Amino acid sequence: MQSIRQDWFSNVRNDLLSGIVVALALIPEALAFSIIAGVDPKVGLYAAFSMATVIAFTGGRPGMISAATGAMALLMITLVKQHGLQYLFAATVLTGGLQMLIGWLGFAKLMRFVSRSVITGFANALAIVIFMAQLPELIHVPWTVYALTAGGLGIIYLFPYITKAVPSPLVAIVVLTALTVLLGLHVPTVGDKGQLPDSLPIFLLPQIPLNLHTLQIIFPVSLAMAVVGLLESMMTATLIDDFTDTPSNKQRECMGQGVANIVTGCLGGMAGCAMIGQSVINVKSGGRGRLSTLTAGVVLLILVVFLGRWVAQIPMAALVAVMIMVSIGTFNWGSIRNLREHPKSSSAVMLATVAVVVATDNLALGVLTGVLLSGFFFAHKVGQILRVRSVAEDEGRMRTYTVTGQVFFASAERFIASFDFKEVIDKVRIDVSRAHFWDITAVSALDKVILKFRREATEVEVVGLNAASATMVDKFAVHDKDGAEDLLMSH
Amino acid sequence: MNQENKVLACVDQSHFADFVADYAAWAAQRMDAPLEFLHVIDRHPEIGSGKDHSGAIGIDTQETLLQQLTEEEKVRTKAERERGRVFLNRLRERALAAGAESVDVRQRHGELVSTLVEQERDARLIVLGRRGASAESSGRDIGRHVERVVRSLHKPILTVTDAFKPPQRVLIAFDGSGVTRRAVDLVASSPLFSGLEVHVLMSGKTRADADKKLQEARTTLESRGMDVVASYVPGDAETIIAQTVRDRAVDLLIMGAYSHSPLRTFMFGSKTTDLLRSSTVPSLLLR
């Protein structure tokens, strides 16, 4: 009871106001992303309404805004082009199902493998992709479009100096629309891009044949959308956690995204997820509770259903200006300043994430690349922590090698190379009691070393192997027992 | 002296805190226990400040926003902390003057109930004002946190009103149930009550075993050499207890509290709340 009241009604006035601001900021995005995905604007608008409304109840992060997003829109272009709208709705429902499954399995915890650099890369890639999606609207168009876009950007960034009480993107849209209508400019408008909603959305199951072939078509798209949607949502949730200094329930957020996508698919909307830009706007305007998200969704629907005639008159240039603002706000400019200061490996991970996304238009692939690369770099770094020292004993008849550090797949080669097999000697003692053997590669490297010495007719004695291989935690499964730390740190 | 046995006095910045301090000092002194004043600073991160409805985001908006929110919070918290510190120190002086020996002060961030639940572990007695800061203006007769606090804690809680008088005569509202028998044992064994006159009052519906139960209570208390007045008055418990408290000039009421579920309380009201309202003396509540 206490937390319901706190989540919903502790910040009513601010939540309502910021919800309205966000609703106004959602319209251009929903329109623009529908156009990216190649569907009617009403698909994006219905999606924005339903995502925001449902997630207000089911989400795990109060105050976060979810709607139709660019990251998701990019993944569905091919599906829409080849198979049509009904398949998109089915894929959206399946995305929701997968997200619920992922949430239920507790995969939100896997987010810890996604490093800071990958997250920065993700945000930067998203910003670039949003920006590039605006380019088609700026190529082969009359000069008036450029003038309008520049004017729009000017209003968005300069108007807050006059007053911060009115959302400047909305002012830009109203002013540019009025200009085009009054001056009778011939520029592309929202109405040219497809059908706008003229009624409330209705609940319908997607009209597709339910068979394996359909699944084959939609499953890959749904999986990618599920992963990207959750990634962006988790990232945005972390951002809001930082802003508001309050915790969020990540698992509930995963499940909630799933429910929201299932409902959205059935209401004739495209898949969506949390939005970085709009969530920032929400927090900035004072939104903190679930009421802000709900207000955004409901106000958006009221606006588009009842003002649909006017929405059709909005010139595309105005939307482009708003989207450029979103892309500037999403991009992490600090990361460019930090390129020189940060470790090269971190920068490489960030840049690789961006490059893969821009090349493939698939944020999931970019994140995968980034995560794998950070893994490689980490293994490489830890592999450096290996020292083999040796000292001759017994008047040159015996040599003792002392191994300290981490032996595993990335350092096994170096481990072998640090032994001198050509030395003419009777006996070799290898003291590994201060080393950690992490995997099978390490053990077989040691075997190899022993074999090589035997070939030279050198007797080999290995000291402390038990202690060293105790770190092969999989095999001995000590990691979940008491005393595991002592065992690992004792040598 | 053991830190685990401290008297925990929960205060807010109202004039009621003075009486909490007086009673806490009295209890700490009699029990030879350390006293700690706890002031909970309730932060409200769920309430936004939002003055900027421009909806525009630009270069480094995220970083700027995070910085700005942190800064606002910092300024607010600092002011609260400073105010709280001055006020706690005044209470500390007051308790020391009243004779308490070891007095500690502590401020914590967080929500009142969850903070108390954390702090309860080391406490032996919790002293709480029956009304607080908001009563100064709203004039309500029982604080809005009292029921929630009492329900979530398990240690004895002394709720005090707005006057201090060292208790001479205590009344146990007795009904023979487990919690009231514990109350009798507590009064018999605690140094807090040694030398005080104890009244044991049973009321409510006519019961066959009333005399026997009362006799047991009397024996327990008298074995410790206490002056006991045990009586049984049939009738409406709330009225009779309140009446007796006035007639016999009782200055501390001991009773079990909130043994029924919140739902039942919501529908039928709570005897505990009614009694806290109708009796004007401090009450020791047992759970």
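I started with what the buried residues of α2(B) pack against: α9 (212-244) and α11 (276-284) of chain A, plus α1 (16-31), β2 (35-41) and β3 (103-109) of chain B. Buried here means 20 or more other C-beta atoms within 10 Å of a residue's own, with C-beta atoms placed from the backbone. Helices (H or I, at least four residues) and strands (E, at least two) are DSSP runs numbered from the N terminus.

Housekeeping: this is a predicted model, where local features need pLDDT of at least 70, side-chain atom pairs count only at pLDDT 80 or more, and totals for chains, interfaces and linings use all residues. Residues are numbered from 1 along each chain as its sequence is written, and chains are lettered from A and ligands numbered from 1 in the order in which they are written.

Next I looked up the helix itself. α2 (residues 61-97) of chain B has 37 residues and spans 54 Å from first C-alpha to last, close to the 54 Å expected (1.5 Å times one less than the number of residues). Its buried residues are Gln62(B), Leu88(B), Leu91(B) and Ala95(B). Just after the helix, I noted Gly99(B) with a positive phi of about 110°.

Then the domains of chain B, with bounds from an automatic or database assignment: domain 1 is 3-44 + 80-160 and domain 2 is 169-286. I get 24 Å between their centres, over C-alpha atoms. Across the boundary, 16 residues of domain 1 of chain B are in contact with 13 of domain 2 of chain B (C-beta atoms, placed from the backbone, within 7 Å). On the domain 1 side, α1, α5 (146-152) and β5 (157-160) of chain B each supply at least two residues.

Conventions. Buried ≥ 20, exposed ≤ 12 C-beta atoms within 10 Å, placed from the backbone. Contact = placed C-beta atoms within 7 Å.
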